[in-house]
Amino acid sequence: MEVRAKKALGQHFLTDQKVARAIVDALHGGQPPVSVLEVGPGMGVLSQYLIQRSDIDLRLVEIDSESVEYLLSHFQGMQGRLMEADFLTLRLEKLFPDSFSIIGNFPYNISSQIFFKVLDHKDRIPEVVGMVQKEVAERIAEKPGSKTYGILSVLLQAWYDIEYLFTVGSGCFAPPPKVESAVIRLSRNGRTNLGCDEFLFKSVVKTAFGQRRKMMRNPLKPLAKAKAMREGWSDDNLAEFLSQPVFSERPEKLSVEDFIALTNLLA
């Protein structure tokens, strides 16, 4: 039995065993075993190596019923570990009362959503090893000043150290994707709080990059006006506030620390 790759699910099955082993080896284990969730195991190219590791306690989530059937029939020990479900709707706090790591060959069409969900559970997810479209990996790992630096770059780098591990060519997959892929590792940094309002921080970052080609004063003017109303400022006060140098920058120039300072400025 073979599993048919489904375009709607963004499936491209990794077939290169050397690459699969390298991905699995990039994940840290521990004693006692570290809880690990594999997202989208497909035909089990990563699972076959993960399930052999005694330093992890593996669970798997797969949305494709055909893949679930294949995994259950081809791998011992899947029963009780494998869930047929959509990762994006999983109640992770119910499945993992404590911390857990994530690994997977992430479907291209939901990779950004996966990382946003990781951020929602950042205090319980110490590590993520994932294969994504190369462009997405570069964007996540990019530093300020690059045109690819964006929302995910800032939000993930606020809480994780990002490592771009290696590039994977399209010939390593069936069917081959039209783009290259890359493997990245996210390791939770030591930050316990941002030193600013976290909800406002997300809003500032997303709003700023919503018009990334413009200077910051344009997209952020509504947030500045909201502050002006709270503070009872005049139009001149607001104009003076928006004349600060940071509002003349474009968002890709600002580091995580710059965005934290900007958030406090707008609070």
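Modeller: Start with helices α9 and α11: they are oblique to each other. The axes of α9 (residues 217–231) and α11 cross at roughly 40 degrees and come within 9 Å. Angles under 35 degrees count as roughly parallel, over 145 as roughly antiparallel, 65 to 115 as roughly perpendicular, and the rest as oblique. Two packed helices are described by the angle between their axes and the distance between the axes. An axis is a line fitted to C-alpha atoms, for helices over the stretch in contact, and angles run from 0 to 180 degrees between N-to-C directions. Helices (H or I, at least four residues) and strands (E, at least two) are DSSP runs, numbered from the N terminus.

A word on the model before we go on. It is predicted, so local features need pLDDT of at least 70 and side-chain atom pairs count only at pLDDT 80 or more, while totals for chains, interfaces and linings use all residues. Residues are numbered from 1 along each chain as its sequence is written, and side-chain values use heavy atoms, with hydrogens and water left out.

Back to the helix pair. On the α9 side, the contact (heavy atoms within 4.5 Å) uses Leu220, Leu223, Ala224, Lys227 and Arg230. On the α11 side, the partners are Leu262, Leu265 and Leu266. Sorted by class, the α9 contact with α11 has six nonpolar residues, two charged and no polar ones. Ala, Val, Leu, Ile, Met, Phe, Trp, Tyr, Cys and Pro count as nonpolar; Asp, Glu, Lys and Arg count as charged; the others, Gly among them, count as polar.

Helix α8 and helix α11 (residues 256–266) pack at an angle of about 110 degrees, and their axes are 9 Å apart. That makes α8 roughly perpendicular to α11. From α8 come Leu200, Phe201, Val204, Val205, Ala208 and Phe209. They meet Val256, Phe259, Ile260, Leu262, Thr263 and Leu266 of α11. The class count for α8 with α11 is eleven nonpolar residues, one polar and none charged.

Zoom in on Phe201. Leaving out residues up to four places away in sequence, Phe201 touches Val154, Leu155, Ala158, Leu194, Cys196, Val256, Phe259, Ile260 and Thr263.

Phe201 also leads us to the core. A nonpolar core is a set of buried Ala, Val, Leu, Ile, Met, Phe, Trp, Tyr and Cys residues joined through side-chain atoms within 4.5 Å. Buried means under 20% relative accessible area, exposed means over 50%, and partly exposed lies in between (1.4 Å probe, protein chains only). The largest nonpolar core holds 56 residues, and Phe115, Phe201 and Phe259 have the most contacts inside it. Helix α8 (residues 198–210) gives the most to this core: six residues. Apart from it lies another core, of 30 residues, including Leu27, Val36, Phe173 and Val183.

Next, a look at charges. A salt bridge is a side-chain nitrogen of Lys or Arg within 4 Å of a carboxyl oxygen of Asp or Glu. The whole structure has ten salt bridges. In one of them, Arg185 pairs with Glu163, with the closest N and O atoms 2.9 Å apart. This pair links distant parts of the chain: Arg185 is in strand β9 (residues 181–188), and Glu163, 22 residues apart from it, is in strand β7 (residues 160–168). Arg185 is buried, at 13% relative accessible area. Glu163 is partly exposed, at 31%. Elsewhere, salt bridges that share partners join Lys134, Glu138 and Glu180 into one network. Glu138 and Lys134 are four residues apart in helix α6 (residues 134–141), so about one helical turn separates them.

Gly195 sits in the loop between β9 and α8. Gly195 is partly exposed, with a relative accessible area of 47%.
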